[in-house]
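These are my notebook entries on one protein chain. I wished to look up how its parts are arranged and which of them touch.

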Amino acid sequence: MIVDKVTDLIGNTPMLRVPVPHRETRLLLKMEKMNPGGSTKDRMAHSMVLAAIKAGRLAPGGVVVESSSGNTGIGLAIAAVEFGLRFIAVVDHHAAPDKIAVMRALGAEIRFVEGNYREDEVAVVERQRMAARIAAEIPGAVFMNQSDNTANAGGYSAFVREAIEQAEGRIDAYVGCVGTGGSMTGIGHGLKAHHADTVIVAVEPDGSIVFGGPGHPYYQSGTGTPEGDTVGLVLDYGCIDLGLRVTDSEAFETARHFARRTGLLVGGSTGGTLYKALELVAEGRIAGNVLISVADGGEKYLQTIFNDAWMEAKGLRDPAIAERLDDWLGRRAAESPRAALPRLAVA
Ligand SMILES: Cc1ncc(COP(=O)(O)O)c(C=O)c1O
């Protein structure tokens, strides 16, 4: 298929089945990293810009302002090019430098939040405040405010349609991360509208306060709500059956192990959902068609998650996690002593 705009490349992402040793279960990974901006957020960014244009709040030549850890900003930068908009992204030191570089390359203006923050502390509250202030200072500028924007959740309706079709009509469980809650709400409600029994599992970083506090700093990027921030209005808890926490070590070691085991580079938030999904499958708590969104790719975290020195320095290495994952995914033939090649008898 030939398309005429980069935004026409958003969606219709493929699905990868990862083998698990449970005959009744298919672990289905929707490859959202294959969107043009490299993440699922391309969908909601385009949806929010379209909604603002339709509502008459934005017109060509207008200005979009948003606080973003990176992926929403990349999606907005792409949408801004399509509609001839100026885009100002407010970021903090927590955002992966490569994500900021991508936004810049796409023509976004980058503003850093001021203030001294610990390296593992997310300055999301200040980021929001600064984005609102910048938007208020520029005539006609629109603060997208993804956490409270209904077009965020609304951006995932095509994801739901595609996933159900790819899974031949049935998703039994969805395990996803929760940051603003836009993807969780859009996907959770969409799947339940199709099949009310679909089990919806939300995974937040250990230290995030989506399912209650107190919180503490964490390294997982883009996902969770840090202490001091308030959970976005876009998150509807009513679509969630089970809320879980995953540690940075579990999330990152899973991303690292998955890369070597399957050849697929996933980001840290996806590592966390994969870890929890595999745990739930192993415990027999979910089964059937289990859907996971590969929210973004590991290519964006080569300097952190996939950097041995960084993982060591932060005390995040834990070899026991890889062992556990191999138990849950099934030992590969080469690892099984019984499958080892018989020694040749020497005459
Ligand atoms: C990599 C990644 N995972 C998860 C999320 C959380 O998604 P949501 O904001 O829809 O809850 C984000 C959001 O920015 C993200 O960039």
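**Entry 1. Terms and source.** I first noted how angles are taken: axes are lines fitted to C-alpha atoms, for helices over the stretch in contact, and angles run from 0 to 180 degrees between N-to-C directions. Helices (H or I, at least four residues) and strands (E, at least two) are DSSP runs, numbered from the N terminus. The model is predicted: local features need pLDDT of at least 70, side-chain atom pairs count only at pLDDT 80 or more, and totals for chains, interfaces and linings use all residues. Residues are numbered from 1 along each chain as its sequence is written.

**Entry 2. Helices H6 and H7.** I looked up how helix H6 (residues 157–166) packs with H7, and I found an angle of about 45° and axes 9 Å apart. H6 is therefore oblique to H7 (angles under 35 degrees count as roughly parallel, over 145 as roughly antiparallel, 65 to 115 as roughly perpendicular and the rest as oblique). H6 passes H7 in a right-handed crossing; a crossing is left-handed if the near helix is turned anticlockwise from the far one by less than a right angle, and right-handed if clockwise. On the H6 side I listed Ser-157, Phe-159, Val-160 and Ile-164, and on the H7 side Gly-186, Ile-187, Gly-190, Leu-191 and His-194. Two residues are in contact if their C-beta atoms, placed from the backbone, lie within 7 Å. I sorted the residues of this contact into five nonpolar, four polar and no charged. Here Ala, Val, Leu, Ile, Met, Phe, Trp, Tyr, Cys and Pro count as nonpolar, Asp, Glu, Lys and Arg as charged, and the others, Gly among them, as polar.

**Entry 3. Helices H8 and H11.** At what angle do H8 and H11 pack? For helix H8 (residues 248–262) and helix H11 (residues 319–329) I found about 60°, with the axes 9 Å apart. H8 and H11 are therefore oblique to each other, and H8 passes H11 in a right-handed crossing. Ser-249, Glu-250, Glu-253, Thr-254, His-257 and Arg-261 of H8 meet Ile-321, Ala-322, Leu-325 and Leu-329 of H11. This contact has four nonpolar, three polar and three charged residues.

**Entry 4. The six-stranded sheet.** I read the strand order of this open sheet as E1-E2-E10-E7-E8-E9, with mixed pairing. Two strands pair if DSSP finds at least two bridges between them. Strand E1 (15–18) and strand E9 (242–246) are the edges, each pairing on one side only. Strand E7 (residues 173–177) and strand E10 (residues 289–293) are joined by three bridges in the parallel sense, and Tyr-174 stands opposite Leu-291 in E10. Helix H7 (residues 182–194) packs on the sheet and touches E7, strand E8 (199–205) and E10, its direction making about 170° with that of E7.

**Entry 5. The four-stranded sheet.** The order of this open sheet is E5-E4-E3-E6, and the pairing is parallel. The edges are strand E5 (109–112) and strand E6 (141–143). Strand E3 (residues 63–67) and strand E4 (residues 86–91) share five bridges, and Val-63 stands opposite Arg-86 in E4. Helix H2 (residues 71–83) lies across E3 and E4 at about 170° to E4.

**Entry 6. Domains.** The domain assignment, automatic or from a database, gives domain 1 (6–34 + 156–329) and domain 2 (41–147). The contact takes 24 residues from domain 1 and 22 residues from domain 2.
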